[in-house]
Amino acid sequence: MVSTAASAATLTHTEVFKRVSAIVAESMGIDFALQETTRIIEECGADSLDFLDIVFRIEKEFGLSPMARAEFFPEKFLGDRRLITPEGVLRAEGAAYLQKRETWLAQLIGDSAQEGERVRDWYTISLLCRYVEWKLGMP
């Protein structure tokens, strides 16, 4: 375990980043420095089971309420070929869909979602940090 849960009032983005990075590195057995832009699927080799482990560890670390798998990987969105191509590339309809939704992913990605992006590239250390900050109500 990286450390104990802490109050959102005392956490900074830097502290969240350090703790999330340590969790990902430990979970994935990574021995290289992680950056905010590190793509967890592409660069760390994470699959959906790895993400479940990482999210579980993050929730435990920060004292967050558990998130359903479908909330972290919104299959209704990810599996809709009108929104995302079979290769995982965002369509214009997918970008519009995200901008109208209230899910955490839509709130964190929605306005910046661009047609032609690979959805798997969204899952970065930065996204995990923003997820923690969103769950804790940090600005």
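I started just past helix H1, where Gly-29 takes a positive phi of about 65°. The model is predicted, so I kept its limits in view: local features need pLDDT of at least 70, side-chain atom pairs count only at pLDDT 80 or more, and totals for chains, interfaces and linings use all residues. Residues are numbered from 1 along each chain as its sequence is written, and side-chain values use heavy atoms, without hydrogens and water.

**Fold.** I counted seven helices and zero strands in the protein chain. Helices (H or I, at least four residues) and strands (E, at least two) are DSSP runs numbered from the N terminus.

**Helix H1.** I checked the span of residues 13–28. Expected span is 1.5 Å times one less than the number of residues. The 16 residues should span 22 Å, and the end C-alpha atoms are 22 Å apart, which agrees. I then listed buried residues (under 20% relative accessible area, 1.4 Å probe, protein chains only; exposed is over 50%, partly exposed in between). Among them in H1 are Phe-17, Arg-19, Ile-23 and Met-28. Their cover includes helix H2 (48–62) and helix H7 (125–136).

**Aromatic rings.** I searched for rings of Phe, Tyr and Trp (its six-membered ring) with centres within 6.5 Å; planes under 30 degrees apart count as stacked, over 60 as edge-to-face and the rest as tilted. The count came to one pair. Phe-51 and Tyr-123 sit edge-to-face, 5.3 Å centre to centre, with 65° between the planes. Phe-51 is in H2 and Tyr-123 in the loop between helix H6 (104–109) and H7, 72 residues apart. Phe-51 counts as buried because its relative accessibility is 1%. Tyr-123, at 3%, also counts as buried.

**Whole chain.** Of 139 residues, 42% count as buried.

How values were computed:
Contact means heavy atoms within 4.5 Å.
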